Amino acid sequence: MNTELIEQLARWIADARSAVAFTGAGISTESGIPDFRSPGGVWSRFAPIQYDEFVSSREARARYWKIRLTLYQEFAAAQPNAGHLALADLECAGRLRGVITQNIDGLHQLAGSRNVIELHGTARRVACIGCGAESTPESVHARIEAGDEAPDCHRCGSPLKSATISFGQMMPPNEMQKASQWSRKADVFLAIGSSLVVEPAASLPRIAKSHGAKLVIINQTDTPIYYAADLILREPIGETLSALMSRINQPSNFGS
Ligand code: ZN
């Protein structure tokens with residue numbers, strides 16, 4: 001652990017008016033959730049289903065739900081790790097505006113984070129694509145197990161879908177707008193566990209940086225925007241964020 005860099009980061013966060021965290025799959029792999037894009041991840045095992053295909057084909061929806069069941073089993077039992085907990089503590093201490101996440105596992109909220117922008121939706125809810133009525137994944141799984149391979153909404157008859165953003169589906173405009181706004185206003189932007197390659201992950205750190213934020217990258221794997229970072233920690237995420245939190249909690253040095 002590079003204590004000098006942790007010290008530096010703790011100072012920036014103590015001085016920040018608006019620190020924002022952006023998280024990707026890397027923060028949840030420490031909870032045992034595989035990165036769905038990585039080898040062994042869900043999209044290396046199943047062909048992705050495009051949104052248009054989902055809407056137009058009942059067979060595609062049946063395939064979709066089969067994949068969702070597998071995915072759900074992978075993360076339903078997962079618990080927040082030290083990284084999620086440290087971010088929740090930072091927010092609770094008034095040091096973090098909130099978390100923008102690419103993850104659909106809901107672990108930030110389970111850890112106690114309140115201000116969470118879920119750019120890719122959440123796998124912890126199901127929504128009707130017609131009327132928007134929400135239900136639990138468990139209720140849909142029960143209908144599938146009872147023989148309905150592609151359950152429709154009880155209210156309006158439209159297909160039910162996990163409340164996540166599918167391939168070929170538009171990013172949620174409200175969340176995107178809020179995420180851009182947080183990024184523009186941030187004075188410290190922590191990019192954690194994301195390769196920052198896919199949009200909007202690629203653009204949010206750039207927006208923050210171009211509006212004067214210090215860009216901090218905490219990730220063990222490479223990212224193409226390292227060159228733009230003010231501070232890089234290539235360390236395990238949980239350990240790093242815990243160390244940061246304990247440094248911030250030490251009463252000495254930092255005026256609060
Ligand atoms: Zn409906």
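The chain has 256 residues, and a compact globule of that length would have a radius of gyration near 18 Å; the value here is 19 Å, which agrees. This radius is taken over C-alpha atoms, and the globule rule is 2.2 Å times the number of residues to the power 0.38. The C-alpha trace spans about 60 × 35 × 35 Å along its principal axes. The model is predicted: local features need pLDDT of at least 70, side-chain atom pairs count only at pLDDT 80 or more, and totals for chains, interfaces and linings use all residues. Residues are numbered from 1 along each chain as its sequence is written, and side-chain values use heavy atoms, with hydrogens and water left out.

The chain contains 11 helices and nine strands. Both are DSSP runs, numbered from the N terminus: helices are H or I with at least four residues, strands are E with at least two. Six strands build an open sheet with parallel pairing, in the order 3-2-1-7-8-9. Strand 3 (116-118) and strand 9 (231-233) are the edge strands, and each pairs on one side only. From one strand to the next, the twist averages 15°. Two strands count as paired if DSSP finds at least two bridges between them. Strand 1 (residues 19-23) and strand 7 (residues 188-192) are joined in the parallel sense by five bridges. Thr23 has Ile192 of strand 7 as its bridge partner.

Two helices lie across strands of this sheet. Helix 1 (residues 3-15) lies across strand 7, strand 8 (214-218) and strand 9, and runs at about 125° to strand 9. Helix 11 (residues 237-249) also lies across strand 7, strand 8 and strand 9, but its angle of about 135° is to strand 8. Axes are lines fitted to C-alpha atoms, for helices over the stretch in contact, and angles run from 0 to 180 degrees between N-to-C directions. Contact means heavy atoms within 4.5 Å.

The loop between strand 8 and strand 9 holds Pro224. Leaving out residues up to four places away in sequence, Pro224 touches Ser195, Leu196 and Val197. Pro172 is 52 residues from Pro224 in sequence, and their C-alpha atoms are 25 Å apart in space.

On a 1 Å grid over the protein atoms alone, a cavity is a set of points where a 1.4 Å probe fits but cannot get out; a pocket is an open set with protein on both sides within 12 Å along at least five of seven lines, and lining residues have an atom within 4 Å of a point. Grid points are joined across faces, edges and corners, and a volume is the space filled by probe spheres set on the points.

One cavity of 30 Å³ or more is present. The largest cavity has a volume of about 60 Å³. Its lining includes Trp65, Arg68, Tyr72, Phe75 and His141. Helix 5 (58-75), strand 4 (121-128) and helix 8 (137-145) each give at least two residues to this lining. Helix 5 supplies the largest share, five residues. Seven lining residues are nonpolar, two polar and one charged. Ala, Val, Leu, Ile, Met, Phe, Trp, Tyr, Cys and Pro count as nonpolar, Asp, Glu, Lys and Arg as charged, and the others, Gly among them, as polar.

Of its 19 lining residues, Ala127, Ala163, Thr164, Ile165 and Gln169 lie nearest the centre. Strand 4 and strand 6 (160-164) are the elements that give two or more residues to this lining. Strand 4 contributes the largest share, five residues. The pocket lining comprises eight nonpolar, six polar and five charged residues.
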